[in-house]
Each structure stands twice: as structure tokens, then as C-alpha cells.
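The sequence and structure are shown first.

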Amino acid sequence: MERQVLTELLRWKDRPRKPLILRGARQVGKTWLIKEFGTRHFNRLVYVNFDESAAATALFTQDLDIERLLAGLALLDGGGPIDPANTLIAFDEIQDAPRAVSSLKYFAERLPGAHVIAAGSLLGVALHEGASFPVGKVEFLDLHPMTFTEFISAGGRADLASLIRDGDLQLTVPLHPTLTDLLRRYYVVGGMPEAVSTFLRNGDVEAARTVQSQLLTAYDQDFSKHAPPLQVPRIRQVFGSLPAQLARENRKFVYGLIRSGARAKEFETAINWLRDAGMVSLIPRITAPYLPTSAYVDSRAFKLFGLDVGLLGAQAGLDPAIIAHGDAVFREFRGALTEQYAAQQLAALGGLSPHYWTSTSGNAEVDFVVTQGSAVVPLEVKAEENTKAKSLLRYRELYGPRLAIRSAMVPYGRDDSLASLPLYALESLPRIVSS
């Protein structure tokens, strides 16, 4: 399977660089990506997993002299002296070795020509718990579940993926039925690499759902293994409430859906832990779509989305066989799958700073407001072909944006200030905003 982030890794390789930290939740494909990148583009890959190698952890408990570390890594790898210019040095599950995190500073300062990548499923949690961090000495790259175009490309339709990524949306119009059917599959299978590869082997959605259920069990075990003991029940309650939160027509996060009488201060730490672990994304409300949008954030109101649309369906117990029922998949779950899908596609695109907007009266809500450069663009998503968007109309009346976007199961179309963007083409959004 091909991941678009490989292009970003090549850019990092070919420029003056700092050590790179690859961030992402467990099982989104970080280990595969590191190994694939090292195998394809370097003469040698020196891979260390601190969760599996006590010897590697011990190597970093002494001084952090770079020459000594290189010699030790070479011995662990068994391949002779390391040539930093032609070797990818990869540290996996680095949160299990805090001194290895600290060593990234010394790699940056004393061996600037080296190619060093670090990754860890719970690295964000570890850093917020006080692990020493080399501020200003590293770069970051985020890895998300596979996007829709990565999914269809893995399934043999790289041609359609290229149309969407390149923004050739007029060419997608005659292919609308095919792309709609592929999106239905993605709603059920999602973008977790193991679920995708399982589905693509034989088209068995039930087998993919089994993988998703196993992943949810593994995440639950992570909560009990890695989270502060007092927070574990609350983390489970927040995570378990996601289907109920997103099933509501107004998807603003409601603490009362966690349990009766729940209050914000009881669950803020649990929500932050899930965010640090990459398990949820928080979309805040803005009161007005002006720059900087951070100045108009209402910190009391937000939406909370899960990691992956397929996992959300598994959490909710949605029958995977529903893909055989045509548009019924988009009516089930009150559009929750659609908004979850949109949220994770926006997250994978990066740099769009998504928020949502509601009117002062509360009778109008735009699902997402994205920012790209000086452009602030409203994005309304609809689960079916119905493109009536009264809230988007109200937003346009109030603020007169240069461009507004409604996204639904409709072919592409555009007039001067309003674009109809098919849901399957959300990855074209940055190109549309900049055009």
C-alpha cells in the first residue's frame, strides 16, 4: 500500500534536516512507513524498537555521546559501522526510552547530516507527562489513517485517486457512480491499514470489521496500561460515548451523554489524554469567521471526533453489510459517519485549522470552517444528495465569504462563490480554496 506521506519523507531526506518525529495513533502504519522508507531510499536501515529491546534502552541510559551511541547501534544491528549519510536510523516506541528522546538534541547538534526518525504510539502522552523534550531540535510529521484516495489507490484505482488529488474534478463527473460506491466501502472499512489490507484481500467486510473490533480492544487495553489509574474509567467513558455524541443532530459535545450529571472539569484530563494519544480530534466552535480564528473560539463548545470512520461504525455496532443497501449507508447514524469522514480527511490534509460555527441564536450551524492563508471558508457536509443547506445560506448572508463549499453525494459543480464538492473529493479542498 502506498502512503502519500512518503513524499513528505523524501522532502525531509533531501534537505538540511533535523531529526524527525513521526506522530500518530497506534496501528495507523508508522512502523510500516519507517521500514518502507528506509528500505526504498537508503543503503541501510538501522531500526530499534524500544518496546522490544532492553539492550537498546540500556544503551541510552548512560551518557549520550553520539559516537558511542552510533557504535552501540551498529553492534545491535550487526551490520558494521554506520555511515550517517546513507543510513536511516529509526527509533520506534521511543516514549519507552526517555533518554533516547533527549538524544535527538545531540543528533541535531553534533551529527546534522544524519537521518534520524523517531516514532511512538503514545509519545504525545509521554511528553505531556514530563519527559525531557529537545525543543527546537526536531521536526514533526503526522500520520493519520489512510485517506479515501489512499484506500482506492490500494484497491487498484490509482487513476481515480490522481484525478482527485490533482483537482481534475470535471473529469470525475461521469465517474460519479463508481466513486460513490467506493466511498460507501470506505465508510465501512475505514482507513486503518490492517482493516484495509484485510478487506482488499477478498472483499470481505465482515473480516475487516473483525480487525476493527480487535483494534478497539487493543485501544481499551492501552487505556488501562498507560493512562493514570484514576483516569482510566473516565477515558473509557469519553471514548465509549463517541457514537452517542455524533449520533445527535447537533454534534456539540455534551458531558451529560457520558453519564448523568457529568461536568467538564471531571473529564477534561481524560479528553486531553485521548487527544495526546491521537485517539480523538477536537473541533472548537467559533463565534465569527474572522482572522485570527483563535481569537473567536468559544472554549466551552466543541465537537469530538474519533480516529477513523470504520472504527466509529464498529463502535456503534453498524452492520457492515449495509454497503449492499445503496444510499442507506448515508442515512444510517444520522450523518455521523459523514461528518466523521470529513473530519478525518481534513485532519490528514493538514494546515486547515478546522472549526465549526453556530449563529448567536443557535438556529444555524456550519459543520466546518477551514482556514488556508487569508481565506476563511465555510464547509457544510450532507450525508445524502440533498444539498439544501439553510445554515450555509445564513452564514453567507451574514458574512459574504468569497467562497462557500457544500459537500454531499453530488457531482462537482461551481459558480462564482459556491462550490458543490462531492464527498469523495474532499482531498481537493485546498486546491479549490486557492483557485
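## Basis

This is a predicted model, in which local features need pLDDT of at least 70, side-chain atom pairs count only at pLDDT 80 or more, and totals for chains, interfaces and linings use all residues. Residues are numbered from 1 along each chain as its sequence is written, and side-chain values use heavy atoms, with hydrogens and water left out.

Helices (H or I, at least four residues) and strands (E, at least two) are DSSP runs, numbered from the N terminus.

## The sheet

Five strands form an open sheet in the order β2-β3-β4-β1-β5, with parallel pairing; two strands pair if DSSP finds at least two bridges between them. At the edges are β2 (44-49) and β5 (139-142), each pairing on one side only. From one strand to the next, the twist averages 20 degrees.

β2 and β3 (residues 87-92) run parallel and are joined by six bridges. In this pair, Tyr47 stands opposite Ala90 in β3. Helix α4 (residues 66-77) packs on the sheet and touches β2 and β3, contact meaning heavy atoms within 4.5 Å. The direction of α4 makes about 90 degrees with that of β2; axes are lines fitted to C-alpha atoms, for helices over the stretch in contact, and angles run from 0 to 180 degrees between N-to-C directions.

## The helix pair

Helix α15 (residues 309-316) packs against helix α17 (residues 336-349) at about 150 degrees, with their axes 9 Å apart. The two helices are therefore roughly antiparallel, a term for angles over 145 degrees. Val309, Leu312 and Gly313 of α15 meet Ala336, Leu337, Gln340, Tyr341 and Gln344 of α17.

Note on methods
Parallel < 35°, antiparallel > 145°, perpendicular 65-115°, else oblique.
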